Number of protein chains: 2
Amino acid sequence: MKANILTGKNQPLIFQETETPGCKAGEVLVHLHASAFNRRDYWIQQGQYAGLKYPVIPGSDGSGVIVKTGEGVNSALEGTSVIINPGFLWGESESAQSPTRFRILGMPDNGTFAEYVSVPVEYTFERPSHLTHLQAAALPLAGVTAYRTLFSRANLTSGEKVLITGIGGGVALFTLQFALAAGAEVWVTSGSEEKIEKAKKLGAKSGVSYRNPEWAKSLLTEAGNFDVIIDSAGGEGFPDLLNLAAFGGRIAIYGGTKGSFAALSPQKIFWKQLSILGSTMGSPEDFRNMTAFVSTHKIIPVIDTELPLSDANEGMNRLAQNTQFGKIILNHTGVL
Amino acid sequence: MKANILTGKNQPLIFQETETPGCKAGEVLVHLHASAFNRRDYWIQQGQYAGLKYPVIPGSDGSGVIVKTGEGVNSALEGTSVIINPGFLWGESESAQSPTRFRILGMPDNGTFAEYVSVPVEYTFERPSHLTHLQAAALPLAGVTAYRTLFSRANLTSGEKVLITGIGGGVALFTLQFALAAGAEVWVTSGSEEKIEKAKKLGAKSGVSYRNPEWAKSLLTEAGNFDVIIDSAGGEGFPDLLNLAAFGGRIAIYGGTKGSFAALSPQKIFWKQLSILGSTMGSPEDFRNMTAFVSTHKIIPVIDTELPLSDANEGMNRLAQNTQFGKIILNHTGVL
């Protein structure tokens, strides 16, 4: 098969012929029609994770068709369109992944930037029927991350007010779409007026540019306090979020691109009864609930760029520029 | 009646004759047999809160007997032994107090360092029958704070491992007793070896001195990670708590005597799926659940010092020294 292979830190992907994976007991072989990028793929290329090993086929997100079933798997599944839950060996607890066993498809296991991938059958889920393979490929990693952050962690309920900082990335956009579908009112921040306008077209009430040094004050004046705040930046701006949160507010974080939080006041946290909630990926139950939610609400992922499978390096470049609004997709077949 | 009156910031309490409070519609007049100090009383004397008004009778905790009932209150309640829930006008939400209406008995309303206090009947609860007035007076503010922090916020369950930092204060000790009664294994920290030994006598597994710069490492080696951590210090040491927490761990805070947290890593918080949970006082439901829990488990508050009502300034001195292990109690009648 053809695949994009990463041979070392800071190397470009090499698109070349490699062995089609086998299909062991309990596994299925998926012919991938589409895959999608996550920031994780960029960090892996930059060598920013522990335990990297090369060569590897990156890619955590994929949608395709089961073409072969391993021993012990019902062969009637052949021909089924599926997406893949990329969070392997989560473990028994809903509260966190196993610290030692949890792994994410695409490193160290070969991932989805290839014509085929073999995965244990329990990680395949029927593709939501309202989505094409290209749309469905956008969903898994970012969708489950957004779902867990917003619902399993921040416990969002209908009618609440939500702030999403740094709109534009895959998780932030799913968070926006899921929160709206759940009946929340949503505000966003961004460094780009264009992204704020696009978010408003998707249903956001309004947004402010975090390049304005008074952004938090002006947002508070305009919108009042927020029940739920979703952040993936951290850094110097994080203490502002304590002021923006309502009494009993939940600030859920799934990333920290701007680094350590500036000094936080314990008095604000305990007096306002705030919760700061870390979230990573999602459990198998989160994944199942996420796909059901997406199907019920007919949510269609926002796609920024579609590229051929052979042009994965261009996808990495887009991630490096960090200007995208929505997911960057690889079309493996040219067939939607 | 006789009462301890605070006439201004940084003034000593003056023990003198003052008018016995009336008993308005919906209220009961309680003849107080005992009251107890909280750190809040010390901050009020130091002028560290907004909205202070003088003269005032401080004191949030009390146990006594209803001697008069106001209009609309069942007069059969006269003669009932009660403790007082000092959290007034919490509001409708379990997630936080009303930001505008919530107030705590003892400022601005006259409190319990007096022979009598009048309070709305809904804030009186039957005194747990296994407790004397002196013991019961120790319970309200610290007990409800500990209960909410440990159960309503940190969601402690049987078999979990708990760390309580800075053992010795009223809330920390109730947290220790409640966690043990709930079937948890508890470790403590303190600056005093003597307090650690006392905590072990109460049932703590073990403890470490936070004066040892390697305390977090040595505790991790000895005990492993903690499911629940209860902190009221914050400050430079707080980031250590992220390392001590287990995956999915909850760090609940009800104070911040050491000030702002040093820089926290968002990566640790989201990867380990940690929750940092602020907690203040408790709702009426928390209070009810707390008294039921104390009755079921026959928990007896730890008392550090018993003083006569006329010697409240000595109680303030004890708070200032911060060397106590357990509650400082005023005995109003000499009758247990």
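Q: Is Ser118(A) buried, partly exposed or exposed, and why?
A: Ser118(A) counts as partly exposed because it has 17 C-beta neighbours inside 10 Å. A residue is buried if 20 or more other C-beta atoms lie within 10 Å of its own, exposed if 12 or fewer, and partly exposed in between, with C-beta atoms placed from the backbone. Please note that this is a predicted model, in which local features need pLDDT of at least 70 and side-chain atom pairs count only at pLDDT 80 or more, while totals for chains, interfaces and linings use all residues. Residues are numbered from 1 along each chain as its sequence is written, and chains are lettered from A and ligands numbered from 1 in the order in which they are written.

Q: Where does Ser118(A) lie, and which residues does it touch?
A: Ser118(A) is part of strand S8 of chain A, residues 116-120. Helices (H or I, at least four residues) and strands (E, at least two) are DSSP runs, numbered from the N terminus. Leaving aside residues up to four places away in sequence, Ser118(A) touches Pro21(A), Gly22(A), Cys23(A), Glu27(A) and Leu29(A). Contact requires that the C-beta atoms of two residues, placed from the backbone, lie within 7 Å.

Q: How far is Ser118(A) from Val28(A)?
A: Their C-alpha atoms are separated by 5.6 Å, although the two residues are 90 residues apart along the chain.

Q: How many helices and strands has chain A?
A: Chain A has ten helices and 17 strands. Its radius of gyration is 20 Å, close to the 20 Å that the globule rule gives for 336 residues, so chain A is as compact as a globular protein of that length. The radius is taken over C-alpha atoms, and the rule is 2.2 Å times the number of residues to the power 0.38. Of the 336 residues of chain A, 53% count as buried.

Q: What does Leu176(B) touch?
A: Beyond residues up to four places away in sequence, Leu176(B) touches Ile164(B), Ile167(B), Val186(B), Val188(B), Ala199(B), Leu202(B) and Ala204(B).

Q: Now the interface: how many residues of each chain are in contact?
A: 31 residues of chain A are in contact with 31 residues of chain B. On the chain A side, S14 (245-253), H8 (266-271) and S15 (275-278) each supply at least two residues. The largest share, five residues, comes from H8(A).

Q: How does the chain A side divide by residue type?
A: It divides into 15 nonpolar residues, 15 polar and one charged. Here Ala, Val, Leu, Ile, Met, Phe, Trp, Tyr, Cys and Pro count as nonpolar, Asp, Glu, Lys and Arg as charged, and the others, Gly among them, as polar.

Q: What joins S15(A) to chain B?
A: Three bridges join S15(A) to strand S15 of chain B (residues 275-278), and the two run antiparallel. Strands pair if DSSP finds at least two bridges between them. Ser275(A) stands opposite Leu277(B) in S15(B).

Q: What rotation superposes chain A on chain B?
A: A rotation of 180° with 0.0 Å of shift along its axis does so, with an RMSD of 0.0 Å. That is the relation of a two-fold axis. In chain A, the C-alpha nearest the axis is that of Ile276(A), 2.5 Å from it. Copies are superposed by least squares on the C-alpha atoms of residues with pLDDT of at least 70 in both.

Q: Which peptide bonds to proline in chain B are cis?
A: The bond from Tyr54(B) to Pro55(B) is cis, with omega near -10°, and so is the bond from Met107(B) to Pro108(B), with omega near 5°. Pro55(B) lies in the loop between H1 (39-45) and S4 (61-69) of chain B.

Q: What is phi of Gln273(B), and is the residue buried or exposed?
A: Phi of Gln273(B) is near 55°, a positive value in a residue other than glycine. Gln273(B) is buried, with 24 other C-beta atoms within 10 Å, and is found in the loop between H8 (266-271) and S15 of chain B.
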